[in-house]
Amino acid sequence: MIDAFSIQISFLIYEAVFCLLAALVYAASTDKLKLRKRIVVGLNIACSAMLVCEYSFYAYKGSKTPLDVAIMYIVNAAVYYLIIILMFFYAMLISVRLFERFDLKKDMPCRKRIIAVYIIAIVGIALVTISQFNGIYYYFDENNVYQRGPLFSLATLVPTLGTILVASMVIQFREKMSLSQLFVLISYLIFPLAGGVIQVLFYGNSLLNICIGLSVLLMFFENVVNKEKEVIKASKTEVRTGLANEHGYIEWLNSMKGKRDLMDYAVVFFDLRKFSDINRSYGIENGNRVLAAFGNIMIKYINKDEILGRQFGNQFVAIVRKHNLDAFLKVLKQIDVSFTDILTGQEAQVSLSARAGVYMIDRTDLAGEDILVFAGQALSTAKAKKADDVVWLTQEIIDSIADQKKLESEIRNGLINNEFRPFYQPKVNSSTGMMCGAEALSRWYHNGEVLAPGRYIPIMEPTDAICKLDFCILKATCEDIAKWLKEGIRVPQISVNISRRNLDDPNIVKNIDEVVTGAGIPKDLIEIEVTENKDEAAISVLKNFVDSLHELGYKASIDDFGSASSSLMLLREINFDTLKIDKGFVDLAKQKDLAILTHIAKIGKELHVDIVAEGVEHKEQIKTLDNLGVNVIQGFYFDRPLSHDDMTERLKSPVYDV
Ligand code: C2E
Ligand code: CA
Ligand code: CA
């Protein structure tokens with residue numbers, strides 16, 4: 001005859017074995033979601049231990065031998081402890097399922113509830129410990145029979161309270177999961193509650209713990225079943241924002257390839273303006289929070305059959321239905337984002353706006369990558385035309401991109417075929433009217449035209465082509481100087497532009513020296529001009545460069561002085577020989593320019609740095625500069641950059657009317 005007691009006992013032991021097996025099998029498996037795996041394994045082991053203890057308690061109940069009594073005491077206490085520990089594991093699992101994390105950092109979602117769970121766990125453990133001494137939860141009477149103490153109800157109430165808090169998180173974020181997942185995750189509250197009620201009514205059974213075991217097993221199975229789906233989802237999700245990653249949206253586009261529905265969509269490639277300012281003022285970590293908060297806001301404007309993803313940095317991609325496009329682009333004009341500043345702990349708000357490139361998908365045969373390239377090209381155009389909020393991909397852009405690609409390859413060939421030659425713009429001493437120097441400026445002899453740097457330098461600058469150009473001009477300049485000297489022509493110092501990109505090469509100074517000495521000309525005929533740069537981190541590199549130039553006997557000049565924010569810093573750290581004042585100030589277009597010029601001239605004098613005024617076009621400018629003691633003038637007023645032959649003539653009669 002099977003009685004209720006035996007059924008209960010066997011249930012406990014079966015469940016204990018199942019939970020242990022589940023833990024072992026899962027522990028032995030490989031799983032990309034490592035943290036979650038550990039929690040599920042921990043949950044199952046703790047549950048198995050709890051059930052074994054509960055079982056042992058029933059098995060030893062009534063026995064009077066001292067060893068059995070001791071075991072009974074221990075396993076009974078263990079059950080109470082383990083129930084608290086299980087509640088804690090449950091909180092961990094839910095938090096990791098919902099937010100991929102379990103901590104108390106300031107930006108942790110539901111942070112207060114999680115802190116409360118920590119406190120409840122500590123109080124729970126303390127109460128169980130106290131009850132061992134004063135029997136407030138339970139005690140064993142003179143016959144060693146288990147009896148409930150006065151505060152027994154607290155023993156279930158405390159872990160239930162923690163469980164309710166955790167379950168409330170599940171309910172709050174129910175949209176993140178399917179109905180069945182929701183049920184399974186919340187079963188840890190429902191099952192034991194139901195079991196507990198029955199247990200209160202029928203004192204002496206163990207239904208509550210059996211129900212806990214059932215729920216833990218259910219959660220294990222749900223986790224294993226959904227693991228695959230979640231791993232796939234994780235591989236398509238960008239960690240910081242929870243939006244789709246590149247893999248995610250490219251795959252989505254590819255899955256639509258060939259379907260007419262694809263033409264109903266537009267791809268918006270957008271980047272947040274001035275995001276580096278946010279990183280600079282609030283720090284990178286806060287910047288990441290802003291990105292995450294931005295993602296959370298933007299996703300609300302995206303429908304179920306649309307996609308929002310993060311490319312990298314501050315670049316995002318949205319694939320939206322064409323009829324939603326206008327509304328989406330309108331949102332991009334201003335997005336106010338609040339976040340908790342990690343440094344101060346206070347709420348902060350930033351206003352973001354985006355620049356977008358849009359490709360209205362008009363064919364179904366393109367691969368996902370190509371569609372993104374189109375949208376990316378529209379964004380690049382938007383960036384280049386600084387004024388535009390939105391740029392639509394047009395045939396014109398497609399053509400201009402093709403032109404640019406063609407130009408890039410022509411530049412490569414031009415460098416190989418020596419099509420880049422130096423022109424020379426004289427520097428004139430305005431008090432004597434004598435040429436006192438010159439600057440070598442490149443020109444490109446291309447298809448019968450002479451192209452100015454504006455046409456090719458912007459294309460070369462982001463690549464190593466600019467370094468090749470600099471050396472090509474340096475070499476040609478040295479050769480020209482050698483030729484002039486050979487012809488008995490007097491040559492002043494000529495400055496050559498060296499792009500900052502060259503400074504990445506540790507041998508740069510040695511290479512320059514090799515070119516100059518190779519041409520057999522005196523070193524003091526060459527000056528190296530480097531442009532100011534916004535990148536302050538590079539100051540030490542630039543300093544080393546200038547110091548090494550000095551060691552080998554070359555002069556160094558800082559070009560476009562005043563055009564970037566680091567001018568004074570550069571002047572303080574680096575011993576330049578010459579300072580070229582940016583044309584912007586020399587133009588004297590703004591009232592303040594004169595004051596600035598005056599002070600630059602003063603600084604130059606006091607620091608014993610030569611000053612060259614560049615871009616001088618009018619006589620009045622020369623007068624003003626003369627009053628300030630600036631006499632070295634480079635500008636159209638005296639000469640435009642001259643070809644080799646024109647320069648040869650100039651060098652032969654280097655006198656100007658002032
Ligand atoms: P930069 O080094 O500041 O050169 C001065 C530019 O101002 C030259 O333009 C010159 O023609 C122009 N300029 C001179 N006087 C006047 C004037 O009175 N009025 C006006 N409106 N402009 C004047 P260019 O030759 O077109 O060169 C432009 C820039 O291209 C240069 O600016 C330099 O940054 C770059 N560049 C040219 N050749 C080379 C090179 O071989 N290597 C590198 N790295 N950059 C080069
Ligand atoms: Ca220059
Ligand atoms: Ca300049």
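**View 1. Arg-443 and ligand 1 in the predicted model.** In this predicted model, a side-chain N or O atom of Arg-443 is 3.0 Å from an oxygen atom of ligand 1. Arg-443 is also listed among the closest of the 22 residues that surround ligand 1, together with Ser-442, Asp-470, Glu-617 and Phe-636.

View 2. A polar atom in the side chain of Asp-470 is 2.5 Å from a nitrogen atom of ligand 1. For Glu-617, a polar side-chain atom likewise lies 2.5 Å from a nitrogen atom of the ligand. On its own, ligand 1 has 790 Å² of accessible area, and the protein covers 80% of this area.

**View 3. The shell around ligand 1.** At least two shell residues come from each of S11, H14, H15 and S15. S11 provides the largest share, 4 residues. By class, the shell has 8 nonpolar, 6 polar and 8 charged residues.

**View 4. The pocket that holds ligand 1.** Ligand 1 takes up the space of the second largest pocket. The volume of this pocket is about 1,200 Å³. Its lining is made up of 43 residues, and those closest to the pocket centre are Ile-457, Glu-461, Thr-531, Asp-559 and Asp-560.

**View 5. Elements that line the second largest pocket.** Two or more lining residues come from each of strand S11 (434–446), helix H14 (453–460), helix H15 (465–486), strand S13 (494–497), strand S14 (526–531) and strand S15 (555–561). With 5 residues, S11 gives the most to this lining; S11 also supplies the largest share of the shell around ligand 1.

Note on methods
Residues are numbered from 1 along each chain as its sequence is written. Chains are lettered from A and ligands numbered from 1 in the order in which they are written. This is a predicted model: local features need pLDDT of at least 70, side-chain atom pairs count only at pLDDT 80 or more; totals for chains, interfaces and linings use all residues. Side-chain values use heavy atoms; hydrogens and water are left out. On a 1 Å grid over the protein atoms alone, a cavity is a set of points where a 1.4 Å probe fits but cannot get out, and a pocket is an open set with protein on both sides within 12 Å along at least five of seven lines; lining residues have an atom within 4 Å of a point. Grid points are joined across faces, edges and corners, and a volume is the space filled by probe spheres set on the points. A residue is near a molecule or strand if one of its heavy atoms lies within 4 Å of it. A polar contact is a pair of N or O atoms within 3.5 Å; within protein, one must be able to donate a hydrogen and the other to accept it, and residues adjacent in sequence count only if both atoms are side-chain atoms. Accessible areas come from the Shrake-Rupley method with a 1.4 Å probe; for residues, only the protein chains shown count as cover. A molecule sits in a cavity or pocket if more than half of its atoms lie within 2 Å of its grid points. Ala, Val, Leu, Ile, Met, Phe, Trp, Tyr, Cys and Pro count as nonpolar, Asp, Glu, Lys and Arg as charged, and the others, Gly among them, as polar.
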